[in-house]
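Please have the sequence and the 3D view open side by side.

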Amino acid sequence: MSILAGARRRLSVLEWHTMEIEIATIGGYEAVGRQMTAVRAGKDIVVFDMGLNLSQVLIHDDIEISQMHSLDLIDLDAIPDDRVLNGVEGDVQAIVPTHGHLDHIGAISKLAHRYDAPVVATPFTIEVLKKEVQSESRFTVENQFQKMSAGETMSIGSEGVKLEFVNVTHSIIDAINPVLHTPEGAVVYGLDKRVDHTPVIGDPIDMERFREIRRHDAGVLAYVEDCTNASETGRTPSESVARDHLRDVILSMKGFDGGIVATTFSSHIARVKSLVEFAVEIGRTPILLGRSMKQYSEIAERLGIVEFPRELQMHGNRSAVDQAFKRIMREGKDGYLPIVTGHQGESRAMLTRMGRDETPYRIEDGDKVIFSARVIPEPTNEAGRYRSEKRLRMQGARLYADIHVSGHLRREGHYEMLRALQPQHVIPAHQNLEGIAAYVELAENQGYQVGRDLHVSQNGTMIQLVERWRKIRQKPVWSRRFGSAGNGSMPLSTMNSRWLTLSGCMRRLDTFSKPVANGSAHQ
Ligand SMILES: [Zn+2]
C-alpha cells in the first residue's frame, strides 16, 4: 500500500512495507574464497555459505587448520569475519551451504557452533560436511544437520518466510541455489553454477523454476550472483563436452604399454566417473588413490548418486596407497590407471609427491599424465602447478593439460540468468573488484546502475533493500529493462509496486558492537 506524502507535484510517496529486508555481505566480496552472506527478512536471518579461503592458509607451511581458533583464522583472512552479524537485529534461523566446495563449507566447523540454528543442505553436501566436522579438533559443532533436496521448500521463522532449493549444475554434485521467499519478493542466492542441460550426473539446471519465481506475485527482489568468468565471452560448455574430450584423449592411449596417471578434483564426481569408465574402456584397472579421492567417491556411491564399474579400486591412507603403488610396479603399470590428487600442484598431494619421486610409482620416459583440471588463477596454485609440471617433465612424462570445463557461468550464462530472474537488485559476489567489474559492465548494459539497484559491496557491509517506510521516486524499473510491461513477463500490478530504490542504502557493519544475535561471543 502507499500513502501520498506531501505535494503530488514533488512526485514522491511513502510506501509501507510489511517486512524489512537487508543483505549482509560478509565474505567473498573482495576475493574468491571464504563465502558468507546473511539475509535478514524481518526478525529472521538466514546465512548462506560459511567458506574457507584455503590459499590464505596454505602459504604458511606449518599450519594445521583443524587445531586453529576461529579468531586466528579470521585474522589470516582465511574465514569470514562473522562478528559483523553482531550489528544485525534478528535471529539466525538456518545456515545454508550451497554445495560441498571448501570455499562454501570450510568455515562451518569453526563458526556454526555460535548459532542456535540447523545447517540445511542437500544430502551430498551434508555428508561431506560431516567428514569436515569430524576432522575438527578445536570446536564441537552440535548444530542439527538437516537434509533438503532440490525442489523442496521449508518454512523459516514465524513471519511467512520460506526457503526453497532450486537445482543447479556445477563442478560438484548436488549443488543448489537457495531462494528465500519473502512477502517483498524472492532473494535468490546464485553461487556457484553454470547452465548445463546435459550434465554427466544429476538433473539439468532448473531454468524453468527460476522463470516461475520471477513470474510469482512478488517477483525477484534481489539476486546475489557468482561473477566468475563474467569477462569470458560465450557460454560455459557442458560437462558432457569435458567427458567427450577426456574420452578422446584416453582412447588415443589404447595399446600404450607404459604408465598413465590422471588427476582431477576429488569432489568432481562426474569427472572421476568419466576417468574411471574410460580407463576400463582401454582395458586398465582404475584406482582412486588418496584420502579425499576415496572419501568423496565413497559418499557419492553410498548415497546412490553414482555407480562405478566393479573394476574400480580405492585406497585412502598412506600405507594402503603405498601398497597399491608397489603392486602396480610389480604387476606392470600398463594394467592400471591411477587417479590421484594434485591437479593444482599442492605440495602434499599425490601427483606432486610422484613428481618428486617420493612414492613407489616410478614415472618413466614417455609415461602420460592427464590434468583434468585447469589451474585456479591464484599465485599459490600457479606456482605449485608450474613446479609440479616441471618435475614431471624432467622425468620424461608427456603431459595432457586443461582437459576441463569450468563450473561457473560465462557472460552469456550471466545474461541468461538476468533475463530469467529480472531481479530488482543485483549484488555481484565471488570475485575481486577486477572480476566484478566485468559483471558490472554486463549488468549496466541491461539497465542496472551502480549505487541504485546494482550493489558493488565489500566484506562486512549491509545493503538495505526494503525499509518499513520508504520514500520512493515514481519511475518503474521494468519499462527500461527486458522489454516493456506489455511483453507478458510480469503482471501490471506487480510492475506498479516496483520502484527504484534510493541510493545510499549501504552501511558498514561494526565488528565489535554487541553480542551476536542468538549466539555467544567468539569462543
Ligand atoms: Zn563451487
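The paragraphs below start with the chain as a whole and end with single residues.

This is a predicted model, in which local features need pLDDT of at least 70, side-chain atom pairs count only at pLDDT 80 or more, and totals for chains, interfaces and linings use all residues. Residues are numbered from 1 along each chain as its sequence is written.

The protein chain holds 15 helices and 23 strands. Helices (H or I, at least four residues) and strands (E, at least two) are DSSP runs, numbered from the N terminus. Of the 523 residues in the protein chain, 48% are buried. A residue is buried if 20 or more other C-beta atoms lie within 10 Å of its own, exposed if 12 or fewer, and partly exposed in between, with C-beta atoms placed from the backbone. Among contacts between residues at least 6 apart in sequence, 76% join residues at least 24 apart; two residues are in contact if their C-beta atoms, placed from the backbone, lie within 7 Å.

Turn now to the sheets. Strands of a sheet pair through backbone hydrogen bonds, either parallel or antiparallel. Here two strands pair if DSSP finds at least two bridges between them. Strand β13 (residues 220–226) runs parallel to β20, and five bridges join them. Ala222 stands opposite His425 of β20.

Another open sheet of six strands has the order β16-β15-β17-β14-β18-β19 and parallel pairing. Because β16 (313–315) and β19 (398–400) at the edges each have a single partner strand, one side of each is left without a neighbour in the sheet. Neighbouring strands of this sheet are turned by 20 degrees against each other on average, direction ignored. Strands β14 (residues 260–263) and β18 (residues 368–371) run parallel and are joined by four bridges. The bridge partner of Val261 is Val369 in β18.

Next comes a helix pair. The axes of α5 (residues 123–134) and α9 (residues 291–302) come within 10 Å and cross at roughly 140 degrees. That makes α5 oblique to α9, since angles under 35 degrees count as roughly parallel, over 145 as roughly antiparallel, 65 to 115 as roughly perpendicular and the rest as oblique. Phe124, Glu127, Val128 and Lys131 of α5 make the contact with Gln295, Ile299 and Ala300 of α9.

Last come the backbone details. Most residues other than glycine have a negative phi, and most peptide bonds are trans. A cis peptide bond joins Leu191 and Asp192, with omega about -25 degrees. Asp192 lies in the loop between β12 (185–190) and α6 (207–215). Asp77, in the loop between α2 (70–75) and β6 (91–96), has a positive phi near 60 degrees. With 18 C-beta neighbours inside 10 Å, Asp77 counts as partly exposed. Gln422 also has a positive phi, of about 45 degrees, and lies in the loop between α13 (411–421) and β20. Is Gln422 buried or exposed? Gln422 is buried, because 22 other C-beta atoms lie within 10 Å.

Notes
Axes are lines fitted to C-alpha atoms, for helices over the stretch in contact, and angles run from 0 to 180 degrees between N-to-C directions.
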